[in-house]
Amino acid sequence: MSKSFEILVYSPAGLGAPDLAVAASRAGALGVLDLVGTAREGCLPALQGLLDQTEGAVGLRLDAGQQSLLPELLSGLGDRPLSLIVCGGAPALNALLPTVAGRAGLRLLAEITAAEQLADLPAGV
């Protein structure tokens, strides 16, 4: 039986707690660690908690304000496949794209919640 859709389960935003993402991953869904609103000092430990308790692909949800943190997060992932969910539309996507360009095993998803966020999307997206 092939999967015709994928279930993404987000951890609660702003808490930096990977528990729900870990449980989802263990159940066969993509566990997404939602780091939007999480204090910088809590992001890396939360990611490490997710990585320590799961195998395979993981998801991260970030916004443009976390651009400076992204290289550290990517380094902590090693070669694990990543689904990066970028919220905030084109401005956020444009801010984070240079850091992730060319990364193997990356699936980039844009979270669009308003038509205005579609303006200025990069070519090819």
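## Salt bridges and nonpolar core

E6 has a relative accessibility of 35% and therefore counts as partly exposed; by the cut-offs used here, buried means under 20% relative accessible area, exposed means over 50%, and partly exposed lies in between (1.4 Å probe, protein chains only). The model is predicted: local features need pLDDT of at least 70 and side-chain atom pairs count only at pLDDT 80 or more, while totals for chains, interfaces and linings use all residues. Residues are numbered from 1 along each chain as its sequence is written, and side-chain values use heavy atoms, with hydrogens and water left out.

**Salt bridges**

Side chains of opposite charge can pair when their charged atoms come close. The whole structure contains four salt bridges, each defined as a side-chain nitrogen of Lys or Arg within 4 Å of a carboxyl oxygen of Asp or Glu. In one of them, E6 pairs with R107 at 2.8 Å, N to O. E6 belongs to the segment before β1 (8-10) and R107 to strand β5 (residues 106-111), so that distant parts of the chain, 101 residues apart, are linked. Helices (H or I, at least four residues) and strands (E, at least two) are DSSP runs numbered from the N terminus.

A further salt bridge joins R40 and E72 at 2.6 Å, N to O. R40 is in helix α2 and E72 in helix α3, 32 residues apart. R61 and E111 also form a salt bridge, at 2.8 Å, N to O. Because R61 lies in strand β3 and E111 in strand β5, this pair ties together parts that are 50 residues apart in sequence.

The accessibility of the partners is tabulated below.

| Residue | Relative accessibility | Class |
|---|---|---|
| R107 | 33% | partly exposed |
| R40 | 42% | partly exposed |
| E72 | 37% | partly exposed |
| R61 | 13% | buried |
| E111 | 22% | partly exposed |

Through shared partners, salt bridges connect D34, R61 and E111 in one network.

**Nonpolar core**

In soluble globular proteins, nonpolar side chains tend to be buried together. A nonpolar core is taken as a set of buried Ala, Val, Leu, Ile, Met, Phe, Trp, Tyr and Cys residues joined through side-chain atoms within 4.5 Å. The largest such core has 24 residues, of which L35, L60, L73 and L77 touch the most other members. Two or more residues each come from α1 (19-26), α2 (40-53), β3 (58-63), α3 (70-77), β4 (82-87) and α4 (89-100). The largest share, five residues, is supplied by α2.

Apart from neighbours within four places in sequence, L35 is in contact (heavy atoms within 4.5 Å) with C43, A46, L60, R61, L62, Q66 and L73.
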